[in-house]
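User: I would like to learn how to read nonpolar cores and helix packing in a model. Please take me through the case below.

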Amino acid sequence: MPARLNCSSARAVSRALRPQGSTTTSRVSATLPCIQQTTVPARNYAAAAAASPIPLGALRLPDDYIPPTKPPSARRPENRKSQVLRAYTALLRSTPLILFFQHNNLTAVEWAAVRRELRKALSEVPPPVAGPNESLPVDPVNSIELTVLRTRMFDVAFKIVEFFDAEAAAGRSNAYTHDLSSTAYEAIKKANLEDPNTAYAQMSPLFTGPVAALTIPTVSPAHLAAALRILAPSAPDFPTPTRKKNPGYHDPVAQSGLQKLILIGGRVEGKAFDQAGIKWVGGIEGGIDGLRSQLVSMLHSAGLGLTTALEGHSKGLWLTLESRRTQLDEEQNPKKTEEGEANSDAS
């Protein structure tokens, strides 16, 4: 076996044997394992950029590009922070009715008991009635969920939904405008989080500590009332079910879990509501149909009153003009008036 050359001697031999001005490695360096083969890249970046017909501002990486320094995560997709943030932003944008509860160390058995009683109460709500065009609304019972939130991630998602407008940002620049982009980060960084007129400033104090959310895909006062009777009962509007009607509600495990849930607020159609506001929405009689009937009756009564007022003025004007015409006829033709009176006396 021939003697090996150390790295310093090998580099000296390779430099001595390399011809002047050559950019390729010598055969000696290729045979030596301690020498790394390198190629000298071309230094014509400015020339290539100047000769390219595409402007630099329009260059962007594909959406599915994965940088080599950040390989895909080995976590399950539903447990990744990016996926959780996207799920929370989608939830805030698509769910019009969300109730927030503070939970204090509920066990898995207690959570199961609470969800069981909630599903039972929601299943007793009458299904929606078909509309005038025979279109049956979607029953939201199967889509109502009670989930535990990761408050820090939910707080960031609330900022993105409240202060970031992707369409406006896309019109200003060619940068990425998704919820995880740097554009969204700069938008929430520059936003005034202390503005009391925003929903985030009103609800941000709620996102501290353990928080659970009840999501209802539609603003249904009937389903909201059924949920409040289980999760946040209050007499006389939302009484608790009796032991005879629902014995499972009075189970010690269910009662232990329900006592650890406290209603702290809600979000209805993008606006913040306190406990009183949530109970007012749940107390609307007849639900959405009741609101529609009240609106129709109010508009009908307002239109009827306006019609009566306009007709009264027109009738008064007509009577005034008619009496004046009669008076003028009598002044112009007094003989006809006397003859008419005489004929009436004779008859």
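This is a predicted model: local features need pLDDT of at least 70, side-chain atom pairs count only at pLDDT 80 or more; totals for chains, interfaces and linings use all residues.

User: Which residues of the largest nonpolar core touch the most other members?

Analyst: In soluble globular proteins, nonpolar side chains tend to be buried together. Here the largest nonpolar core has 32 residues, and Leu99, Phe101, Leu214, Leu224, Leu228 and Leu231 touch the most other members. Two or more residues each come from strands E1 (97–103), E3 (211–216) and E4 (261–268), and from helices H5 (108–123), H10 (221–231) and H12 (275–282). H10 contributes the most, with 7 residues.

User: What is leucine 214 in contact with, leaving aside neighbours within four places in sequence?

Analyst: Leucine 214 is in contact with Leu97, Ile98, Leu99, Phe101, Leu118, Ile144, Glu145, Leu146, Ala227 and Leu231. Another core, of 23 residues, lies apart from the largest one and includes Tyr88, Ala157, Phe164 and Ala184.

User: How do the axes of H4 and H6 cross?

Analyst: Two packed helices are described by the angle between their axes and the distance between the axes. For H4 (residues 81–94) and H6 (residues 151–163), the axes come within 9 Å and cross at roughly 50°.

User: Which residues make the contact?

Analyst: H4 supplies Lys81, Val84, Leu85, Tyr88, Thr89, Leu92 and Arg93, while H6 supplies Met153, Phe154, Val156, Ala157, Phe158, Ile160 and Val161. By class, this contact has 11 nonpolar, 1 polar and 2 charged residues.

Conventions. Residues are numbered from 1 along each chain as its sequence is written. Side-chain values use heavy atoms; hydrogens and water are left out. A nonpolar core is a set of buried Ala, Val, Leu, Ile, Met, Phe, Trp, Tyr and Cys residues joined through side-chain atoms within 4.5 Å. Buried means under 20% relative accessible area, exposed over 50%, partly exposed in between (1.4 Å probe, protein chains only). Helices (H or I, at least four residues) and strands (E, at least two) are DSSP runs, numbered from the N terminus. Contact means heavy atoms within 4.5 Å. Axes are lines fitted to C-alpha atoms, for helices over the stretch in contact, and angles run from 0 to 180 degrees between N-to-C directions. Ala, Val, Leu, Ile, Met, Phe, Trp, Tyr, Cys and Pro count as nonpolar, Asp, Glu, Lys and Arg as charged, and the others, Gly among them, as polar.
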